[in-house]
Amino acid sequence: GAKWSRMAEESIYNLIPREAEAQQKQPRYQSKHSSTVKKEYTESKDLSRTMGPVKVNTGSPTQYLKKGEGQQLSPTKPAPEEGRTPLRTTLPPVPRHDEPAELPGPSNKDFIRGNTTDVLRAVPKKPEPAIIDTTHGRGGRQTLENSGLVPKYSKTGNFGKVPEYLQQRKTEELQYTQARQAHMDALAQHGAPRRMSDQERQEMLDGLKANWAQLHKEFQGLSVVVDTESKRLRKKKMEDRLAQLEADIQRVERHPVIYVQD
């Protein structure tokens with residue numbers, strides 16, 4: 001394939017110069033709604049909102065801010081709303097040194113006697129029981145209430161009792177068992193399978209084990225040399241019966257509840 005393609009490229013007709021064909025470009029797509037969209041975008045846009053105007057008219061260097069002209073730029077305080085007391089934003093002026101000070105009048109109260117009376121009538125504060133972690137008082141100190149040495153849970157009324165949610169769960173399980181047993185008894189009256197009693201189950205299990213023991217004893221008495229077809233078939237048959245008995249014994253032991261059809 002590649003060899004024949006190179007031979008086709010080396011044709012003598014490829015040596016003749018050819019005029020390049022001018023590719024005609026298709027006209028660019030211009031939406032008929034472009035002018036409307038541009039007008040709406042310009043009208044709804046806030047110009048110079050982020051970075052400010054492109055050109056700022058700077059004043060003359062001689063027209064700087066003079067004393068007293070800054071008060072004209074201070075914002076006006078809004079009038080308080082009706083029904084609301086205006087908040088005091090400034091503190092009262094500091095009194096002058098020559099103004100008379102308003103001092104409280106003399107008091108006839110005996111503070112010493114009052115303090116003595118309060119101390120005598122006060123109930124002494126009991127020390128809070130605490131515990132020290134280590135000997136000689138060098139460890140951390142903590143309250144005895146939070147140390148875990150004070151019995152709290154054992155003094156409560158529900159200590160040692162079965163929780164309510166467990167009692168409720170046990171009651172629901174008992175009701176379900178009784179309802180299921182009643183349903184199975186109703187089905188048994190209409191020819192449905194009945195549940196095998198524990199005595200019947202134990203008797204069947206003992207019989208299976210006895211059969212397995214008898215068959216295993218016979219299997220042990222077989223000849224070691226299996227040189228005939230009859231011996232091989234007999235040994236294979238006894239192995240299958242032993243495997244079946246072992247499977248039945250495991251099935252009965254694994255399922256305590258067994259239903260049988262009379």
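Modeller: Arg96 and Asp98 are both exposed. Their side chains form a salt bridge, and the closest N and O atoms lie 3.6 Å apart. Keep in mind that this is a predicted model. Side chains of opposite charge can pair when their charged atoms come close. The whole structure holds 8 salt bridges. Let us take two others.

Arg113 pairs with Asp110. Here the N to O distance is 3.7 Å, and the contact is a salt bridge. What is the relative accessible area of Arg113? The value is 59%, so Arg113 is exposed, because the cut-off for that class is over 50%. Asp110 has 41% relative accessibility, which means that Asp110 counts as partly exposed. That class lies between buried, under 20%, and exposed, over 50%.

Now go to helix 6, which runs over residues 229-254. Lys236 and Asp240 form a salt bridge there, with 3.0 Å from N to O. How many residues apart are the two partners? They are 4 residues apart in helix 6, so about one helical turn separates them. Lys236 has 43% relative accessibility and counts as partly exposed. Asp240 is partly exposed too, with a relative accessible area of 41%.

Stay on helix 6 and look at Lys235, which also sits in this helix. Its relative accessibility is 32%, so Lys235 counts as partly exposed. Lys235 and Leu222 are 13 residues apart in sequence. In space, their C-alpha atoms are 7.7 Å apart.

Rolling a probe the size of a water molecule over the atoms shows where empty space is left. The second largest pocket holds about 160 Å³ of space. Its lining includes Phe219, Leu222, Ser223 and Lys235. Val224, Val225 and Val226 line this pocket as well, and so do Lys231 and Arg234. Helix 6 gives the largest share of the lining, with 3 residues. Sorted by class, the lining has 5 nonpolar, 1 polar and 3 charged residues.

Next, step back to the whole chain. The protein chain has 6 helices and 4 strands. Along the sequence, the pattern reads α-α-α-β-β-α-β-α-α-β. The chain has 262 residues, and 5% of them count as buried.

Asp133 lies in the loop between strand 1 (130-132) and strand 2 (141-143). At 52% relative accessibility, Asp133 counts as exposed, because this value is over the 50% cut-off. Asp133 and Ser147 are 14 residues apart in sequence, and their C-alpha atoms are 9.6 Å apart in space.

The other loop residue is Ile16. This residue belongs to the loop between helix 1 (2-9) and helix 2 (34-44).

Arg96 and Asp98 are both exposed. Lys236 is partly exposed, and so is Asp240.

Conventions
Residues are numbered from 1 along each chain as its sequence is written. This is a predicted model: local features need pLDDT of at least 70, side-chain atom pairs count only at pLDDT 80 or more; totals for chains, interfaces and linings use all residues. Side-chain values use heavy atoms; hydrogens and water are left out. Helices (H or I, at least four residues) and strands (E, at least two) are DSSP runs, numbered from the N terminus. On a 1 Å grid over the protein atoms alone, a cavity is a set of points where a 1.4 Å probe fits but cannot get out, and a pocket is an open set with protein on both sides within 12 Å along at least five of seven lines; lining residues have an atom within 4 Å of a point. Grid points are joined across faces, edges and corners, and a volume is the space filled by probe spheres set on the points. Ala, Val, Leu, Ile, Met, Phe, Trp, Tyr, Cys and Pro count as nonpolar, Asp, Glu, Lys and Arg as charged, and the others, Gly among them, as polar. A salt bridge is a side-chain nitrogen of Lys or Arg within 4 Å of a carboxyl oxygen of Asp or Glu. Buried means under 20% relative accessible area, exposed over 50%, partly exposed in between (1.4 Å probe, protein chains only).
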